[in-house]
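Trainee: Could you take me through this structure? I would like to begin with one chain and then see how the chains meet.

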Amino acid sequence: MRGLKRSIVLAIALALSMAGLCAERITVIMPRHEMDLKGIWEKQTRDFERATGIEVEFIQMSWDEVQTKVMTDLAAGGGSYDVIEFDNGWVAKFAAADWVEPLDAYAGKAYLEGILPGLRQTFTVKGKTLGVAWNNDTRFFFYNKALLAKAGIKAPPRTWAEALDQAKQLKKAGVCEYPVAEYWNQEWALANSIAFYLYSFGGNYFDEKGAIAIDKPESVAALQFMADAIRKDKIVNPSSVTLSQEAAADLFYRGSSAFFFQGPPSTYSYANDPSKSSVVGQVEVASWLPAKSGALQATLTLPEAFAIPRASRNKQAAWKYIQYMISKEKDKERAVQIGSLPLFKDSYDDPALLKLYPYWTQFGEQSATARALPLVEWYDELVQKTIVAVQQMLLGQKTPRAAADELAGYLKGKSYNGVSLH
Amino acid sequence: MKRDASGAVSLETEGLLAFVLLAPALAVIAGVLVYPMLSSLGLSFTDLKLTDPRSGRFIGLGNYGSAFRDPLFWESLRRTVIFALSTVLAETSLGVALALLLNQRFFGRGFVRGLVILPWALPYVVNGIMWKWIFDANYGAFNAALTQLGIIGGYRIWLGDPAAAMALVIFANVWKETPVAILLALAALQSIPRDIYEAAEIDGSGKLRSFARITLPLLRPIVMSLVVIKTIWALKEFDLIYVMTKGGPANGTNMFSYYIYQHSFQFLNFGYGSALAYLLTLLAIAMSVAYMKGLKGGSDVEA
Amino acid sequence: MSRPKARPLLYVAVLALCAAILAPYSWLVISSLSRRVELTAIPLKWLPKSPNLENYREIAAGSSGVNASLKVGLRNSLAIAGSSTAFCLIAGSLAAYVFSRLRFRGKGLVFSLILLTQFMPMIVLIIPIYVVMGKLGLLNTIPALALADCAFILPLVIWLMSSYFESVPRDLEEMARIDGCSRFGTIFRIILPLSTPGLAASGIFAFIIAWNEFFSALVLSSTLRSKTISVIISEYSSKVGVDYVAMAAAGVVASLPPVILALAFQKYIVQGLTAGAVKG
């Protein structure tokens, strides 16, 4: 009986769609933007529905859950979603598995060229654009100027040597027991922190030509700095090995730490929200980042994008959604309402936005040094190996040299850009 | 019903009746699980890696071989077994002891029995986050309580040491899952006919003797069930690790299920992940068989 | 069964038990009524200045956001857990009867196969299940989630009820059968009533497993049409961390139905056997 009922329902549905009474439907899945406390993405999605008549099944979940669902669906052959979350860490993997549709034909050059170059590059593989960014998650250097002033420090550090000195000064003056709080818990974010330190010391996992660089002096120096900071100089809060990003940020908002080297863009507004922070009015955005030397400054950009799976049956409608949501007007609306960083080049010159967020000038200065994580399809495994080795280093179970050698051993022979790492 | 000379029902009729009674349960179990189990068994013999379109070739026992050669495999196995043995021991003994307690008459007994469910009723995610927060190095209630009571001098980083983290994960698991043992043991205790105790008392048996000679043996089937079920659950434990420690610190709590999750869902190594899953299955079966052999004993007590 | 001398000890033990259960839970409740600023103060103040009811208000009456969707999750979870429990108790008891009372060729094998399904980790099975449900058009529906739960819970219920049936003396049934009662009759008139504690326990057991189930619910549901409460609670985590206060409030709300259920049904676990049934 069930089969009969279903056939009847199907027949009716078919008839209705023939009569053109069924609207087009797409399914979108994305994580919540960490600053979207007002539900603006959902509101804009409903605006899209009204403007185009295309129905949207809008699925929002936490980032981990979105990852599970998207991976499951694509692994099972796809078809459930028309617009998916496309994280910068997945690009190489999805490209290798050929899971997403190249978007150049849909987008056109003019549209793509308006987007920030860093964001474009991250989602372009072998010349094909695979995703359009919706979250410009670039990290920035924040510091607590009130705490610095108490210790007699006038400007934030420009080099790591200065950073170490200033931290020691803060300790000595009794202003902060641990001037730095890092998110060094054994999870994905630790790898971000490692990449940041590596870059700012002039090191890396490997270079473009495929030569392994993790065991070279610059990289080992970066690891050594991390290990010393927490074990020898004691300027990093020892609980950092258990802290997530939010927990590390908490210490900053509490006034326990004075430097936040790689904070998300929302840090400034949170720090000035009295229900969340005890340091309202004390936080400042630096115009530079500390590095081994000025030229090596680097900050991480960890954007997320929209992509269309190859298995989607509504690609045209899906593109219409992407184009609508990632447009200058909608982007500006979000910037004004929740303070999310714009995705288009021109927006950073917009006087209305600069009035609302004057510190975006500093954001712009820091963004000039933005770099992405290594784009390889085995990045997950690299992350896993790295965070375990570095945690062992931070807990004193391994020396930085040993950790670097272990990672170099792991990297040997892995393929990158058609070359075998050597 | 056909009966032969001794009064026993013939096997044929029993078979049909058995089939009819089993049908609903079997239909659901087989319907939902047979295909997935066979499919993943098949996958475990291939080198399927979703990011490599050319993968999926048959490689026989290749994955199983790689697993045995991988030191991380053995490490996570070791940790999992430690975790399983500790939690099962703690939960079963605590469970039986507390069930005995709740079997006594006292004021408010009904309320306490209902209350006992509370830890288990908490969703896994909430349980994990709650304990993570309680043991938080900078703001945790545990640190605060110990410091304010003067037991320790300053806040400690409980989850920052691999061994301590493992102990705390075990603790969080025991807190959450002991109610299961209490519940099941209590029901078993309640099912023991009171007359047996009365008869024993009449025969002059003391409390302790009754306990050892009557209660314990009658509890044996349920204790056995408990131990097996809990071992299987402990070996499969995933949510708690995922939320509390993500396998850290320094991989100190990376247990087998989490290891499988990483390979299947993060690295997209489905062939290898399936092989690992079957190895876990074999381990679970081995442990269960060992328990059953060890715990098997007489079950019927002469009335 | 209590000696006057042991009474105080008894009560001490009971109080200790209650404290062990309630201490972390009360902290959860208090946290849900605090603000993050208060929770991250050192030294920690144990009670907030004034209760923060914002999250509870949103849960009860909100219209958008995760808090508002909690109600729907509660409804879905109740439907799924309720139907799974009912089905598993019925089908499971019948199956348990087979294993504890009937004989037939291959009984041991069937029993072992049923149990075998318990040993495999869900993580690896979930993708084929997803594929099949997708092909049947059952994705994101309550029946699909209930079905998946049943498949995992049934073996446990069967195992448990078999154990309980084992402790029901066979003499009672023999006497009833000699008196002319049919097999089905013995099941419903003798065995089941005597196993009420076991049924109650297995029922609560099944309900809570279904209530807590997370991973399969996550994969098989995508919108509020079928999202369970455990999935919705996981949404309080973001890329950068956890909104602890809101999650604590949701956790408190999510734990209430099973506890209320347990409080209501715990008296059925209390039954002693009917006195005098086995005499003679």
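Predicted model: local features only at pLDDT ≥ 70, side-chain atom pairs only at ≥ 80, totals over all residues.

Trainee: How many helices and strands does chain B have?

Mentor: Chain B has 13 helices and zero strands. Its pattern along the sequence is therefore written α-α-α-α-α-α-α-α-α-α-α-α-α.

Trainee: What radius of gyration does chain B have, and what would a compact globule have?

Mentor: The radius of gyration of chain B is 24 Å, whereas a compact globule of 303 residues would have one near 19 Å. Along the principal axes, the C-alpha atoms of chain B fill a box of roughly 70 × 65 × 30 Å.

Trainee: And what percentage of its residues count as buried?

Mentor: Of the 303 residues in chain B, 51% count as buried.

Trainee: Let us turn to the contact of chain C with chain B. How many residues does each chain give?

Mentor: Chain C gives 87 residues and chain B gives 78 residues. On the side of chain C that touches chain B, the elements that each supply at least two residues include helix H1 (7–32), helix H4 (66–101) and helix H13 (244–265) of chain C.

Trainee: Which helix supplies the largest share on the chain C side?

Mentor: H7(C) does, with 13 residues. By class, the side of chain C that touches chain B divides into 65 nonpolar, 16 polar and six charged residues.

Trainee: Could you show me one pair of helices across that contact?

Mentor: Take helix H8 (residues 162–191) of chain B and helix H10 (residues 196–212) of chain C, which pack at an angle of about 170° with their axes 9 Å apart. That angle makes H8(B) roughly antiparallel to H10(C), because angles over 145 degrees count as roughly antiparallel.

Trainee: Which residues meet there?

Mentor: From H8(B), the residues are Leu183(B), Leu184(B), Ala187(B), Gln190(B) and Ser191(B). They meet Pro197(C), Gly198(C), Ala201(C), Ile204(C) and Phe205(C) in H10(C). The contact of H8(B) with H10(C) has seven nonpolar, three polar and no charged residues.

Trainee: Now for chain A. How many residues are in its contact with chain C?

Mentor: That contact takes 28 residues from chain A and 23 residues from chain C. On the chain A side, strand E2 (55–61), helix H3 (63–75) and helix H12 (245–254) are the elements that give two or more residues. The largest share, seven residues, comes from H3(A).

Trainee: What about the classes on that side?

Mentor: The side of chain A that touches chain C has eight nonpolar, nine polar and 11 charged residues.

Trainee: E2 is a strand, so which sheet of chain A contains E2?

Mentor: E2 belongs to an open sheet of five strands with mixed pairing, in the order E2-E1-E3-E11-E6 (chain A). E2 and strand E6 (132–135) of chain A stand at the edges with a single partner strand each, so one side of each is left without a neighbour in the sheet. Neighbouring strands of this sheet are turned by 30° against each other on average, direction ignored.

Trainee: How is E6(A) joined to E11(A)?

Mentor: Three bridges join E6(A) to strand E11 (residues 304–307) of chain A, and the two strands run antiparallel. Within this pair, Val132(A) stands opposite Phe306(A) in E11(A). Helix H14 (residues 315–325) of chain A packs on the sheet, and its direction makes about 50° with that of E1(A).

Trainee: In what order do the strands of the three-strand sheet of chain A come?

Mentor: The order is E8-E7-E9 (chain A), in an open sheet with antiparallel pairing. E8 and strand E9 (283–285) of chain A are the edge strands, each pairing on one side only.

Trainee: Why is E8(A) described as largely enclosed?

Mentor: Five of the five residues of strand E8 (residues 259–263) of chain A are buried, so E8(A) is largely enclosed by the rest of the structure.

Key:
Residues numbered from 1 in each chain as written. Chains lettered and ligands numbered in written order. Contact = placed C-beta atoms within 7 Å. Helix = DSSP H or I, 4+ residues; strand = E, 2+ residues; numbered from the N terminus. Nonpolar A, V, L, I, M, F, W, Y, C, P; charged D, E, K, R; others polar. Axes fitted to C-alpha atoms, helices over the stretch in contact; angles between N-to-C directions. Parallel < 35°, antiparallel > 145°, perpendicular 65-115°, else oblique. Rg over C-alpha atoms; globule rule 2.2 N^0.38 Å. Buried ≥ 20, exposed ≤ 12 C-beta atoms within 10 Å, placed from the backbone. Pairing = 2+ DSSP bridges.
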